[in-house]
Amino acid sequence: MKVFEKAPAKINLSLDVLYKRADGFHEVEMVMTMVDLADRIEMQELPRDTIIISSQAGYIPLDEKNLAFQAARLIKERYEVRQGVYIHLDKKIPVSAGLAGGSSDAAATLRGLNKLWKLGIGTEELQRLGAELGSDVPFCVTGGTALARGRGEKLEPIESPPQCWVVLAKPPINVSTSEIYGKLKASEIKNHPSTACVLDAIREKRFDELCARLGNVLEEVTLDLYPEVKQLKEVMVRLGADGVLMSGSGPTVFGLVSKEAKVPRIYNGLRGFCKDVYAVRLLT
Ligand SMILES: C[C@](O)(CO)[C@H](O)COP(=O)(O)OP(=O)(O)OC[C@H]1O[C@@H](n2ccc(N)nc2=O)[C@H](O)[C@@H]1O
Ligand SMILES: Nc1ncnc2c1ncn2[C@@H]1O[C@H](COP(=O)(O)OP(=O)(O)OP(=O)(O)O)[C@@H](O)[C@H]1O
C-alpha cells in the first residue's frame with residue numbers, strides 16, 4: 001500500500017522572541033501560515049524492518065539526518081511497528097531557506113505513516129511526536145494559520161489572513177537557524193513586533209494593516225551577517241510588494257502582494273538577483 005502527503009512551506013508573519021530559556025531555546029511568539037509551495041511525499045510499505053529515503057534533490061541527506069527518516073523511526077519505535085517504509089521526497093521547497101521544508105516533510109511523514117499503518121494517532125499526539133523532531137514540526141502537522149508560543153510547539157489556530165499573492169526569494173546562501181538564534185541578544189531587542197496588532201489585522205481582514213505590522217526579530221541578526229538579504233528586502237519594496245519580511249531565520253524574503261497585476265513585475269525584477277523566486281498563494 002502507498003500513501004501520498006503534501007508538505008507545504010511556512011512563512012512567519014511575525015516572529016518575536018521574549019527571552020532565552022534555561023534549556024537554551026528561545027521563548028517565542030510567532031504568527032505562522034502556510035503557502036502553496038509544497039514538497040510531495042510518497043510512502044510505500046516494505047515487508048522488511050527498514051527505512052529507505054530517496055529524493056530527486058541532490059542536496060539533502062538521505063540517511064538518519066533526514067527529518068523524514070527521523071519521523072519514521074520515531075513512529076516505528078513508539079508504536080512498535082515491525083514493517084518498513086520506502087519514502088520518496090519530491091522536493092520543491094528550497095533547503096535551509098527559513099521555510100521549514102524539512103519540518104514539513106517530517107510532519108507529513110508522521111501524518112502519512114499514521115494512515116499507512118492505521119495507527120489511529122490523534123492530532124495532538126502527532127504534534128507531541130513532532131515536537132521531539134523540531135520546533136516547527138508541531139505547526140506543520142496541522143498547518144493552517146496559528147499563533148505559536150513556547151519554543152514553537154504551543155499552538156493556537158487562528159483564522160486565515162486575507163488572501164493575497166506571496167512572492168518568495170531565496171538568495172544563494174545557507175543560513176543556520178542555531179547560529180542565528182545563538183547570535184541574538186534577546187535582552188537587547190529594541191523593536192519587538194506587536195503580535196496583538198498582527199492578530200487584530202488578520203481577524204479584521206485588514207491587509208494593509210497586516211503588511212504594516214509584519215516583523216521578525218531574527219532579521220536584525222541575519223541582515224547584519226548577510227547584507228544580500230537586506231538588499232533583497234530593499235529590492236522587493238522598490239518593486240512594489242505591499243509588505244516585505246524575512247521568513248524564520250532566513251535567508252528567504254517574502255513579499256505580500258494584493259494585486260495580481262503587480263506580481264509579474266516583482267517576480268521578474270527579483271529573478272535578476274536570484275534564481276530561487278516563487279510566486280504563490282497563501283494556503284487559506
Ligand atoms: C526560526 C523558526 O523556523 C521560526 O519558525 C523556528 O523558530 C526554528 O524552528 P526549527 O528549525 O524547527 O528549530 P529546531 O530544529 O527545533 O532548533 C534549531 C536550533 O534553533 C534554536 N532555537 C530554535 C527554536 C527556538 N524557539 N529557540 C531556539 O533557540 C536552537 O539553538 C536549536 O538548536
Ligand atoms: N527532508 C528534508 N528536507 C530538507 N532538508 C532536510 C531534510 N531533512 C534534513 N534536512 C536538513 O535540515 C537542514 C535545514 O533544512 P530546512 O530546509 O528544513 O531548513 P529551514 O527551511 O531553514 O527550516 P526552519 O524554517 O524550520 O528553520 C538542512 O541542513 C538539511 O540538510
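**Exercise 1. State how far apart the centres of domain 1 and domain 2 are, and where each domain runs in the chain.**

Solution. In this predicted model, the centres of domain 1 and domain 2, taken over C-alpha atoms, are separated by 23 Å. The domain assignment of the protein chain places domain 1 at 2–158 and domain 2 at 165–281.

**Exercise 2. Describe the side of domain 1 that touches domain 2.**

Solution. Start with the contacts, which require C-beta atoms, placed from the backbone, within 7 Å. On this basis, 23 residues of domain 1 are in contact with 32 residues of domain 2.

Next, find the elements involved. Strand S1 (2–20) and strand S2 (26–46) each supply at least two residues of this side of domain 1. S1 gives the largest share, nine residues.

Last, sort the residues of this side by class: 14 are nonpolar, five polar and four charged.

**Exercise 3. Which residues are closest to ligand 2, and which helix gives the most to the shell around it?**

Solution. The ligand is surrounded by 21 residues. The closest are Ala100, Gly101, Gly102, Asp105 and Gly248.

Now look at the helices. Helix H1 (67–78) and helix H2 (101–116) each supply at least two residues of the shell around ligand 2. H2 gives the most, with four residues.

By class, the shell has nine nonpolar, nine polar and three charged residues.

**Exercise 4. Explain why ligand 2 is said to lie between domain 1 and domain 2.**

Solution. Check which domains give residues to the shell around ligand 2: both domain 1 (2–158) and domain 2 (165–281) do. Ligand 2 therefore lies between them.

Conventions. Residues are numbered from 1 along each chain as its sequence is written. Chains are lettered from A and ligands numbered from 1 in the order in which they are written. This is a predicted model: local features need pLDDT of at least 70, side-chain atom pairs count only at pLDDT 80 or more; totals for chains, interfaces and linings use all residues. Domain bounds come from an automatic or database domain assignment. Two residues are in contact if their C-beta atoms, placed from the backbone, lie within 7 Å. Ala, Val, Leu, Ile, Met, Phe, Trp, Tyr, Cys and Pro count as nonpolar, Asp, Glu, Lys and Arg as charged, and the others, Gly among them, as polar. A residue is near a molecule or strand if its C-beta atom, placed from the backbone, lies within 6 Å of it.
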